[in-house]
Each structure stands twice: as structure tokens, then as C-alpha cells.
Amino acid sequence: MASMLKSLKLLTDPTRLRILLLLDAEALSVADLQELLGMGQSRISTQLSQLKAGALVTDERSGKHNFYRSEMGPDLLKLAKEAAKEVPEVEKDLAALRHLQRKRRDKTRAYFDELAGRFGRDYVPGRSWKGLAEALLKVTNQGVVADLGAGEGTLAQMLARQAERVIAVDLSPKMVEFGSELARRHELANLEYRLGDIEEPPLEDASVDLAFLSQALHHAGTPEKALLQAFRIVKPGGRLVVLDLLQHTFEQARELYADVWLGFSEGELAAMLEKAGFVDIETAVVDREPEPPHFQTLLAVAKKPA
């Protein structure tokens, strides 16, 4: 636990304060912070080292990059935001962060716009039919289901054949258009497509019995936020199923498939689910691709307390 006096001392430096407020909004790499703050790597690394020593930030490895996130408690965060009123650069920093987030979303949207209509013919990392089968075996008697980051809706269409209603959410307009057309063609009147981000899904609180995140979480700018949103929309007693890539080191996935994160370890995913509020968390590695880089599929099932 960070010392309050040491924490307050760290907050007196405007650069450290600017970094902390950015990391409170989103996990970022040193390169991201360089772009946002217009500062050199050594200066940022020095400040991050001091913040880490003061237990105000933590970092985790994803491929070649370390991603940092704020560990400020609510009281300290309130003080930091109050102090930020005296640092004029903070407003510009947050505007730059919003621009960076838009660029990331646009890159992901463009990738999936291009992919629309080619799913099933083109390779998609971790899209394992064995993995999907394992996931579907874990959940039966679905009521209202949300497929978050649905793509063209292969999974949503499978779910719609046994669920009362399925709402498929995707950030790509072309995916939504293509998936909606497939639903009409296959006469799936209980399958609805909505345009939206998995970090801000257009769904009401406690409105679904089951939520799916299938190969979508590693595209999220902030996976923790996507899981919090999944917790929000699931009814008490409802469940979340996550299918994603097991943590790997294939750095080219960022460019080839618009991936933001290089998968997750079982422990990391379980910890994020627990932090979001889920209980009865189960994880398992359910498939391994035979061809290099041998992507593995990670399955997690969790429940929202009743």
C-alpha cells in the first residue's frame, strides 16, 4: 500500500500528475505516453519508475511492450483531479488521449470493415470451432443473450437458434450491415444487430441473461472496462463467457489483425473478471492451433452474483 505522504509528494510534480491522470483513463505504453506528452523516452521512464516505486502505477507485459495503469485510490484520485486544475496541459493531454483512442477504434473498425463478408473464408486467430463448442457446452437454456464484438455474427446465429433473443454488438458498420442481412436471409427474427463498442455497449443495465465476448477482448483499448460493462448489462445470476487468445508473443498480430493486446494468461483474465465483480470463475485452455505461431484459445466462464 502506498504511503499517503509519499503519494502526495509524487503528485506535486506536474509531469507525474499528467502521467497519472492519463493512466487512470487507460493503460498506456511508454511510446503512447511519448506521443501524448511530447516528451522523450528517458524522461517518461524515469517518472514511471518513481511512480511504480511509490505504488501508484503497475505495469504488465504484452509482447514487446509494457503497459502501465494507475493504482490511485478514490481519495487520491480526487486530490489529483483537483490539483490538475492548476496544470493547464492536463486538458490538452486528455484531448490527445481521446484522439489516440479514436485512432485505435478507427484502425480496428477499418480492419473489420474490410473483413466483413469474408469470415469463414479468411483466417481469424483463435476462432476455433472446438473452442466455440466448448463454450456452448458450458451454457444451456439461454434467455436474452448479448454477443459483444460479434463480427458478422457466426456465433450470434448459432446462439439465436436456441436463445429467446440475441443482440449482436459490433463497432464496424459494414459488419452490422452484413450480419443483419445474414439474419434476414436465415430468417432469424430473434437476432438483432446494434452498432456499438464493447467498452460502451448500447444495452440497458441488467438486461441480458448471458453475455459473450468471443475473440473480442484483445481488441479492447481497456479490457477491464469491457468486462465492467459486461457485468453492468448481465442480470443478477446471469453469466459471461469469454473466448480469447491465450497470452502469446506474436507481435505481428498488432498489424495483421488489429490486435491491441497479445492475449491474456488464465490468471490475468480471472483477476480482471473478479475485479469486475464476477464470481464462480472457471478458466481453461480449450484449443491449440497446429500451425505457427500456435495460437491457443482461452475460455472463461463467470457468474454475476444473484
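Which residues of the largest nonpolar core touch the most other members? The structure is a predicted model, in which local features need pLDDT of at least 70 and side-chain atom pairs count only at pLDDT 80 or more, while totals for chains, interfaces and linings use all residues. Residues are numbered from 1 along each chain as its sequence is written, and side-chain values use heavy atoms, with hydrogens and water left out.

A nonpolar core is a set of buried Ala, Val, Leu, Ile, Met, Phe, Trp, Tyr and Cys residues joined through side-chain atoms within 4.5 Å. Buried means under 20% relative accessible area, exposed over 50%, and partly exposed in between (1.4 Å probe, protein chains only). In the largest core, of 35 residues, Leu-148, Leu-213, Leu-217, Leu-227, Leu-240 and Leu-269 touch the most other members. Several helices and strands each supply at least two residues of this core, among them strand S3 (144–148) and helix H12 (266–276). Helix H10 gives the most, with five residues. Helices (H or I, at least four residues) and strands (E, at least two) are DSSP runs, numbered from the N terminus. Apart from this core lies another, of 29 residues, including Leu-17 and Leu-97.

Helix H5 (residues 74–84) has four buried residues: Leu-76, Leu-77, Ala-80 and Ala-84. They are on the same side of H5 because they cover an arc of only 100° around the axis, taken from the directions from the helix axis to the C-beta atoms. On the other side of H5, Pro-74, Asp-75 and Lys-78 are exposed.

Met-4 lies in helix H1 and is partly exposed, with a relative accessible area of 45%.
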